Amino acid sequence: MTHIPGKRLPRPGTVLAAVTALAATFGLGLAGEAKAAARPAVPPAKTAAPQAATPAQAAGPFGDDRPHGFASLAGGTTGGAGGRVVTVTDQASLARYASAPEPYVIRVAGSIAVEPFGSDIVVASDKTIVGVGDTGEIVHGELHLNPGTHNVVIRNLTIRDSYVEGDWDGKTTDFDAIQMDGADHVWIDHNRFTHMGDGLLDIRKDSQYITVSWNRFTHHNKALGIGWTSNVRTQITIDHNWFSGTKQRNPSADNCAYAHLYNNYLSDQVADGDPVWTYGNWSRGRTRMVIENSYYDGVRHPYQADATAELVQRGSILRNTSGRTDEHGTAFDPHAFYDYRPDPAAAVPALVKRFSGPQQRIGTVLRVPGAYPTVQSAVDAVPDGNDVPVTIAIAPGTYREKVYVPAAKPHVTLLGTGRDRSDTVIVYDTPAEYGGSTGSATVRIAANDTTARHLTFGNDFDEAAVELKGEQALAMKTTGDRIVFDDTAFLGNQDTLMTDSPQLTTTSRVYIRDAYIEGDVDFVYGRATTVIERSVIRALSRGSTTNNGYITAASTWKGNPYGFLITDSRIVSDAPAGSVHLGRPWHPGGEPDAVGQVLIRNTELPAAVKSAPWTDMSGFSWKDARFAEYRDYGPGAGVTADRPQLSDADAPSYTVADYLRGTDGWAPYARR
């Protein structure tokens, strides 16, 4: 893009300085810009009090990736966070990464059949094993945590079918779904365990700081056993699990220091006439157990305690039950250890039926900072060839770094987790003088199927402070296809936002919704098919009374009927009346086949817009480009010979859907 010498009046601070007055005038909701600029480059990780899982956490867009209960204490459980993310589809790869000494986030895609039948997959410390979607499963095999193993997360998996026919009591085999001996800081969440050889989940030999949440235990004799020593050390939280078609150990807790059970659902208990070993929860040995707001339906001996154990129960519902309901001792107060909020017992069956077990929407969430100190380090952790959604959740703060999402890492969402997009800012200050236009970009997205939400992207190079030959300074450059920006802001001066494609004749599509974009010269430009909808575009004043720059500079390939569409939006400016152009045609390198297409429709225009708003560029006439307006309004709108208008007959063919549809029917505007 041709450099235009800096003419902008100096502003105090950087491009992130507040535009508070304008925000107040137009209701832009941008007052947070000044706050964002003042934050440290990388804010410290916030340590919130652990919260009990809720339906919103379980079924949210990503599923909550932080454990609650006892697994959140004494340093917490993070699994493989901060390590590489890998996807496995075979036993050898799963075994190699699971047993590696370094941290890994291991995604299990599809079904992995383990051989020989009933074999162990050893899981070492600092691992997350998570099913991809709701179809990741391990068949005929066990995940085994040896003594000393710590910091393990196992989520969203089905582990099934190592049952040996005829061995209902599991006396000849020890083919559990998960077995741990002397492990600590383990979170078992949203899994389905069924039809195994011995127990489904065995937590043994003084394992500590364990949380078991939102799992399904089905079609089995012995569901969940805890203990196997005379020591009283294990601390465990068991919540929102569904025990269905099981007989015993739902759970059996032997010599646990603290066993907190809440919001569990026990139903359809196996009825084989056994008067003793058919039961629900059992507090054994010297266990201190607290049961809250659980639901027992058709269960024999719903909860019972040895004479040496303690059991406190409150708020549970018993339906069609019989046998023991022991309560004695004071046990302990779970609130003394962590915060939680039980759901009402009456709601438990519906909640657990819907949200327990593997969930399609649970996936890998990479958190910045904390697990990953920078946004780029989180992007780097995404595996090449990624084919499932990965969310990079970015905590509020200002991240002074450059970020590149390469073409090999599609299906990534960059998500700001603040209350406002101005709470989470990615910014740098490189001008084109140092690395060219592309090299100046704070963020570059070359990958397809990338989404950014609730973020601000900025380039705070101060063009008024220096005179360089290349003062273009991009906040964002994209070349990928099917890119969505939702509730984002782009801050800069010249060339703020470039939406491009890998080559002239390749069409890439970008959808920008509910955004704020500011700049002065050619600050929305490129050859990608780009829709800007329901957004605010601010044309900055450069201190001139006659020419304060150009909003668009399209370089659309002549064979592509759709370039830029700005629709149902507002253009605002503090520049003098009649001093801002809507756009000019950009022919990179003099390329004659780059014939810009821009349509501005149903958009409010300020008085700053020139009465003849389109202009020539580098010897190419704007009249040879494809520029038009349709039903714009406001003090800067008008219909003259210098303002081509889209006809009513053509208007139905130039909608958001037409621009974005392509050959694959892409319709991001239909989703939130």
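Strand β27, which spans residues 364–368, is mostly covered, since four of its five residues are buried, where buried means under 20% relative accessible area, exposed means over 50%, and partly exposed lies in between, for a 1.4 Å probe and protein chains only. Helices (H or I, at least four residues) and strands (E, at least two) are DSSP runs, numbered from the N terminus. Strand β27 pairs in the parallel sense with strand β28 (residues 390–394) over five bridges, two strands being counted as paired if DSSP finds at least two bridges between them. Within this pairing, Arg-367 has Ala-393 of β28 as its bridge partner.

The structure is a predicted model, in which local features need pLDDT of at least 70 and side-chain atom pairs count only at pLDDT 80 or more, whereas totals for chains, interfaces and linings use all residues. Residues are numbered from 1 along each chain as its sequence is written, and side-chain values use heavy atoms, with hydrogens and water left out.

In the chain as a whole there are eight helices and 48 strands, and the C-alpha atoms fill a box of roughly 95 × 45 × 45 Å, taken along the principal axes. Of the 672 residues, 61% count as buried. Among the contacts with a separation of 6 or more, 71% are accounted for by residues 24 or more positions apart, a contact being defined by heavy atoms within 4.5 Å.

Strand β22 (residues 288–292) runs parallel to β25 and is joined to it by five bridges, and Val-290 stands opposite Val-312 in β25.

A further open sheet consists of seven strands, paired in parallel in the order β30-β33-β35-β37-β40-β43-β46. Because β30 (403–405) and β46 (581–585) stand at the edges with a single partner strand each, one side of each is left without a neighbour in the sheet. Three bridges join β30 to strand β33 (residues 443–445), and the two run parallel; the bridge partner of Val-405 in β33 is Ile-445.

Asp-481 is placed in the loop between β35 (476–478) and β36 (483–491), and with a relative accessible area of 11% this residue is buried. When neighbours within four places in sequence are left aside, Asp-481 is in contact with Ala-447, Asn-448, Asp-449, Thr-507, Ser-508 and Arg-509. Asp-481 and Asp-500 are 19 residues apart in sequence, and their C-alpha atoms are 9.3 Å apart in space.

The largest nonpolar core has 58 residues, and those with the most contacts inside it are Phe-457 and Phe-485; such a core is a set of buried Ala, Val, Leu, Ile, Met, Phe, Trp, Tyr and Cys residues joined through side-chain atoms within 4.5 Å. Helix α6 (residues 375–381) contributes the largest share of this core, namely four residues. Apart from this core lies another, of 54 residues, including Val-86, Tyr-104, Phe-193 and Leu-261.

A search of the whole structure finds 27 aromatic pairs. Rings of Phe, Tyr and Trp (its six-membered ring) pair if their centres lie within 6.5 Å, and planes under 30 degrees apart count as stacked, over 60 as edge-to-face and the rest as tilted. The pair of Tyr-654 and Tyr-659 is edge-to-face because the ring centres are 6.3 Å apart and the planes stand at 65°. Tyr-654 counts as partly exposed at 23% relative accessibility, whereas Tyr-659 counts as buried at 3%. Ring pairs also link Phe-70, Tyr-258, Tyr-262, Phe-332, Phe-337, Tyr-338 and Tyr-340 into a cluster.

Charged side chains also lie over rings, a position that requires NZ of Lys or CZ of Arg within 6 Å of the ring centre and within 35 degrees of the ring normal. Arg-96 lies over the face of Tyr-97, at 4.8 Å from the ring centre, and the charged end of Arg-444 sits over the ring of Tyr-404, 4.2 Å from its centre.
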